[in-house]
Structure formats: structure tokens, C-alpha cells
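I opened this entry to record what I looked up in one protein chain. My notes follow in the order in which I made them.

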Amino acid sequence: MKYILVTGGVISGIGKGIIASSVGTILKSCGLHVTAIKIDPYINIDAGTFSPYEHVVPHITDAIQEWVVKQAKVPVDGDETEPQVCVIELGGTVGDIESMPFIEAFRQFQFKVKRENFCNIHVSLIPQPSATGEQKTKPTQNSVRELRGLGLSPDLIMCRCTTALENSVKEKISMFCHVEPQQVICVHDVSSIYRVPLLLEDQGVVGYLSSRLNMPIETKSRTMLTKWKEMSDRSDRLLEQCSIALVGKYTKFSDSYASVIKALEHSALAISHRLEVKYIDSASLEPTTLQEEPVKYHDAWQKLCSADGVLVPGGFGVRGTEGKIHAINWARKQRKPFLDANSTEFDPESKHPVVIDMPEHNPGQMGGTMRLGKRRTIFKTSNSIMRKLYGDAEYVEERHRHRFEVNPELKSHFEDKGFRFVGQDVEGERMEIIELDDHPYFVGVQYHPEFTSRPIKPSPPYLGLLLAAAGKLQGYLQKGCRLSPR
């Protein structure tokens, strides 16, 4: 197993995740089996109960070195083949007190797995003050010095910058950071993040990693990279536009819905449309807002009414729930394409409980009680739109994160009104996918389909939403769920 650790310096949010995934992409295009691990060094017991306005992160077990080795061996390509390369993104910034135990763990880890099986990519910032336009290297020098002081030496220094690095700057970083010039990689701003893997490929990153880690690399034509380049080129010349109203509770901070936005982008790119997301705070759609802030109310409804499709992502708690229901009701009556991803809860004292606690959920306890992770959903009918979007599969496996479910006692009542529960869990007790008859696209799912969306393989529920919003869903289904070559 080869391990590639990606660290970051100077500022948070510098692009470690994009670098890590881009490295994984170009290595995968070489025929290698690649997996990835994300570690966020923030202290919390149950990240699932955090608000998206806070820093939502996964929980990390105590014995991190053994955990990394165990997780790195888990097959991820669907063919049960053990991965050959594990790309590990260490969140935060080098020097943060929270990351110190993890840095120390990887300092020891590099000797445990041997030098030829471990390398470090350090992502740093090259600021360029507008007053002089000069690219400054001092922050990178300090960041690398601090990393070395903690026992890790970067093999590649990836420099985030506005414009391409000047040769003199690259040589200066090489001299003062104790690396060869070819180990200094320029990651300047590009038209889309999908160009980053191509940027790394052009600078010889694959060749360096192959030599440094003694990895076998295929020399034949790399089909995946060709497809990636075609997709990147297509993303730069999108002419048609499709707008989606995202009605949620955390719209003040777009990163709260990062996975959702990416899933929408993947689907829009697949159908050659430029995506416009209209962020709408669900509380702004409620009558109370009309009385207190009428301008905000009318602005929110104008956004909703002008959108081509509506998406309501999951959210916990009562606030904004009424606004979500108003948006859903409007999409249903106006026959607007609609997708509801995940569940929510409202009044626990309701006399007509449509959404109820799952049996394993302890209402008196918040942490550790959610239905988490991958679950199988069985399609109960052959003529479902969702089943067709999933390639006429008999079942799908998607990731869950919720503690409420649709009351199964009301199943027949809903289906009498045209709502069909086309997908259920293996036991047939939980309602997983719902579709509305006589509607272009009205779908609700209990799971989070955005978590499995990929640039070249968009999530089927999101793809269906974008196709319907662009007026292309029926044509897509009639062609056997195949997109045109364009």
C-alpha cells in the first residue's frame, strides 16, 4: 500500500480536498486502484448533531495509525480489489493545536510503512498583493519550516496562486524549502476545478509519484483522462442555463450544502447546461415573514417562482419547516420538477404523525442515534422513474443520515392519493423513495444521494431533477437513459 498524505499551510480552505481528489483522479486514470481518507482534527463526540453553520466533521477513532491501515484496505471500486494507493487529506492548517496529535501520528506512521510507501504533499498559499503584484514566498517558507519542525518533510509543494508561478519564484521556493524545482507545483486559478487534475498532470505529478513511491504506471492510452479533459472543455463552453431553487435552513453559508451543490453541478454538466442555484431561506417563504419583512418574503417567492426546478435538502428541527412545505406544495401544484433529499421532523405532539421516530431512536438523546451509513433500497415496481434513472436496477445502495421515517401505517393513505412508495428497505418496513403520479418529476428520498455523486457519474436523483428542469427527462428515458454525445 502506498500512502499520500496531503497537508495544508498558511490558511484553511486552501484547496487540500481538491488537490487530494485531483491526485487520486490522475492516479486512477493510470489504472491504479485508489482510495481516500479525510481526517478533520476537530474535537467533537458526535459530529452528526452539529449545525452546518458549525464545522461538521467526522469522528476519528483513537488508534489512528491502525485505523488508517484498516480503512485503506477497504475495496472501493466495486470489484472487491484491494486499493493500491490511499490519499489521506489532513484537514485544518499545520500548526493548529487540534492537528498536533495527527501530525505526530503520521510522523511515526511514515517510518512504520517505510519511506518508499509514504510521501507528503503540502499545499500552501502564494499571496500576490495588488499594490505590487509580486508573488510572495515567505508564508510558504514559514509553513514548510513549521511542518519540518513537526517531523514531516514535503515531497511536493503545491502552491495555490492567482496566476502562474514565475520561474524565479519557483526557484526561490525550491532553494528555501529544500526541494528540487520540479517538486514545486503551480496550482493557479483555473476556469473550473475540473481542470486541476489536468494541471497536475501537465506538471509531471504522476511521473514524480511513480518514481518516488515505485508505483507501476500503465503507458497505454488513458481513457479516463481523455473523458476528464472532454468534460473540462465542455464545462467552459456551456450556453444553455438551468436554474434550481435550493430551499433550506442554512442558505446564508453555501458551504453548508457543499455536497448538494456539487451533485447539482455534476448533473448540469452531464446535460451540458450551466447551473444557477437560487438560495432561498425556507423561513422567508412563511406568512410570518410577510408580516414582519414583506420585502424578504416577496423576494424569496420571486426566486422560487422563477426557478426551473426545486430542491429541498434535509434539515433537522422545526425552524423553516413551514416554508419548506409551502415550497413543496407550490412545486406540486405548478408541476415544477422537485427533489426532496432526506427527512425532517416537526411537531412531536401531532395527532396525525406522518413522520415519526425510528424504533432505534431514543427521543431523549441526541448523539449516536441516527441511521447512518450505506443502506440497501429495493425497488417495488418496474415502471418507476427513479428505477429507470438508476439503470433499471433491482436495488440501490445509498448513504443515510437521519433519525426519522415516514409512518408506515399511512402508506396506503398516501398511495390512494397518487404518492407511490417505489423504494423500500430490505425488510419492506421503511419508505425510502416516493414518486408522485401525473407529475413531470416529483421525487422524495430518505437517503442522501449527493454523497455518491461524481463528476463523470452524477447522482441519478439529481440528474433526473436537472433533466426535468431542462425539459429533457422524457427524451432521456425514451432513449434508454443515454445522453447525447454532445
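**Ground rules.** I am working with a predicted model, in which local features need pLDDT of at least 70 and side-chain atom pairs count only at pLDDT 80 or more, while totals for chains, interfaces and linings use all residues. Residues are numbered from 1 along each chain as its sequence is written, and side-chain values use heavy atoms, with hydrogens and water left out.

**Whole chain.** I looked up the secondary structure and found 16 helices and 17 strands; these are DSSP runs (H or I, at least four residues, for helices; E, at least two, for strands), numbered from the N terminus. Of the 486 residues, 50% count as buried. Buried means under 20% relative accessible area, exposed over 50%, and partly exposed in between, with a 1.4 Å probe and protein chains only. I then looked at contacts, meaning heavy atoms within 4.5 Å. Among those between residues at least 6 apart in sequence, 74% join residues at least 24 apart.

**Helix H4.** I checked the length of H4, residues 138–149. The expected span is 1.5 Å times one less than the number of residues. For the 12 residues of H4 that gives 16 Å, and the end C-alpha atoms are 16 Å apart, which agrees.

Which residues of H4 are buried? I noted Thr 140, Gln 141, Ser 143, Val 144 and Leu 147. They cover an arc of only 165 degrees around the axis, so they sit on the same side of H4; the arc is taken from the directions from the helix axis to the C-beta atoms. An α-helix has 3.6 residues a turn, so residues three or four places apart point the same way. On the other side of H4, Arg 145 and Gly 149 are exposed. The cover over the buried residues includes strand S1 (2–8), helix H3 (100–113) and strand S5 (156–161). After H4 comes Gly 151, with a positive phi near 105 degrees.

**Rings.** Rings of Phe, Tyr and Trp (its six-membered ring) pair if their centres lie within 6.5 Å; planes under 30 degrees apart count as stacked, over 60 as edge-to-face and the rest as tilted. I get 8 aromatic pairs by this rule. In one of them, Phe 379 and Tyr 390 have ring centres 6.0 Å apart and planes at 50 degrees, so the pair is tilted. Phe 379 lies in strand S12 and Tyr 390 in the loop between helix H13 and strand S13, so the pair ties together parts 11 residues apart in sequence. Phe 379 is buried at 6% relative accessibility, and Tyr 390 is buried at 15%. Ring pairs also link Tyr 3, Phe 106, Phe 109 and Phe 118 into a cluster.

**Cores.** A nonpolar core is a set of buried Ala, Val, Leu, Ile, Met, Phe, Trp, Tyr and Cys residues joined through side-chain atoms within 4.5 Å. The largest has 37 residues, and Leu 264, Met 386 and Leu 473 are among those that touch the most other members. Helix H15 gives the largest share, 7 residues. A second, separate core of 36 residues includes Ile 4 and Leu 199.

**Thr 377.** Is Thr 377 buried or exposed? Thr 377 is in strand S12 and is buried, with a relative accessible area of 1%. Leaving aside neighbours within four places in sequence, I listed its contacts, including Tyr 395, Gln 424 and Tyr 447.
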